[in-house]
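Here are my notes on this model, point by point. Please read them with the structure open.

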Amino acid sequence: MLVFLASEIMLFGGLFAVVLALRLMHPNEVVAASRRLDLWIGTVNTAVLLTSSLAVALAVHAARCGRHRRVAILLGVAALLGIGFLALKGFEYAGEARAGLLPALSATYRFSGPVEHLFMNLYLVSTALHALHVTVGVVLLGAVAGTAAVGRLRLPERAIVSENAGLYWHLVDAIWIFLYPVLYLAR
Amino acid sequence: MDRVQIRLVAIWAVLIGLLGLTVVASFLLQGVPSVAASLGIALAKAGLIFWFFMRLRSEGGLMRLAATGAAIWLVVLLSLVSVDYLTR
């Protein structure tokens, strides 16, 4: 599982490298583009993911103690927080589309220049790729919560199942922890 | 709550505190100090998640290396990219 997660780190690493190069070449334009993103939605979403990670960590501990019901509830809470994250992200995308800032939906002339256009392209690609990972994580956590709820997950012998789902979720959280300052807090 | 649960909740509280700190820093700092602060805090948060939530704390050296190897390699690559652009 850890080696798979390493491949995920490298996947996002390429995007971080491009953002870094753009920032080094056009610092002022990148800061101006970053200021147009909704800082507060990004901040709330970070808190949502951090809290869901706590729920997953507590669930893994409960799995090791053999407590089915608690595992199901905590993983269910984490999956719901993941859905909340996606809902807020969708709300944010909708606002950006209305403001003419979302590359796939907005005409090129509505951007202040090519650097802002490129920055918003990077924003859309990296956050959409991350949202895809959150969606996979929500399904994974929901599935493990379901099997724990109906008693089909033998605990604590098969606690490794919840541990691996948890590792994936924590990494999705850790990737957001870097996307958040790089995209929203460029000053 | 047992000791493990208390520790996990305490780590979560520290993570939320660091999130508040990085938002405050983004209003106060600009340029290189701002990048240093936001990435430093992000590294601290990711470190706490890897160490406590992903349980590297109780793993051996091989597991720790497998979990952080890609991230360390990425830091090397991004440093070399920076050196390229900063010395043109």
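1. A cavity is a set of points, on a 1 Å grid over the protein atoms alone, where a 1.4 Å probe fits but cannot get out. Points are joined across faces, edges and corners, and a volume is the space filled by probe spheres set on them. By this rule there is one cavity of 30 Å³ or more.

2. The model is predicted: local features need pLDDT of at least 70, side-chain atom pairs count only at pLDDT 80 or more, and totals for chains, interfaces and linings use all residues. Residues are numbered from 1 along each chain as its sequence is written, chains are lettered from A and ligands numbered from 1 in the order written, and side-chain values use heavy atoms, without hydrogens or water.

3. The largest cavity has a volume of about 30 Å³. Its lining (residues with an atom within 4 Å of a point) includes A:Leu15, A:Phe16, A:Val19 and A:Ser126. H1 (2–25), H5 (114–149) and H6 (159–184) of chain A each supply at least two lining residues. Helices here are DSSP runs (H or I, at least four residues), numbered from the N terminus.

4. Next, the contact between the chains (heavy atoms within 4.5 Å). Chain A brings 41 residues and chain B brings 42. The buried area is about 3600 Å², with 79% from carbon and sulfur atoms. That area is the accessible area (1.4 Å probe) lost on putting the two parts together, summed over both.

5. How many salt bridges link chain B and chain A? The count is zero, taking a side-chain nitrogen of Lys or Arg within 4 Å of a carboxyl oxygen of Asp or Glu. On the chain B side, H1 (3–28), H2 (31–53) and H3 (61–86) each give two or more residues. H3(B) gives the largest share, 13 residues.

6. A pocket is an open set of points with protein on both sides within 12 Å along at least five of seven lines. The largest pocket holds about 1100 Å³. Of its 37 lining residues, A:Phe178, B:Leu39, B:Leu43, B:Val75 and B:Leu78 lie nearest its centre. H2(B) gives the most to this lining, with 10 residues.

7. The second largest pocket holds about 470 Å³. Its 25 lining residues include A:Arg64, B:Met54, B:Arg55, B:Leu56 and B:Glu59, which are the closest to its centre. H6(A) gives the most, five residues.
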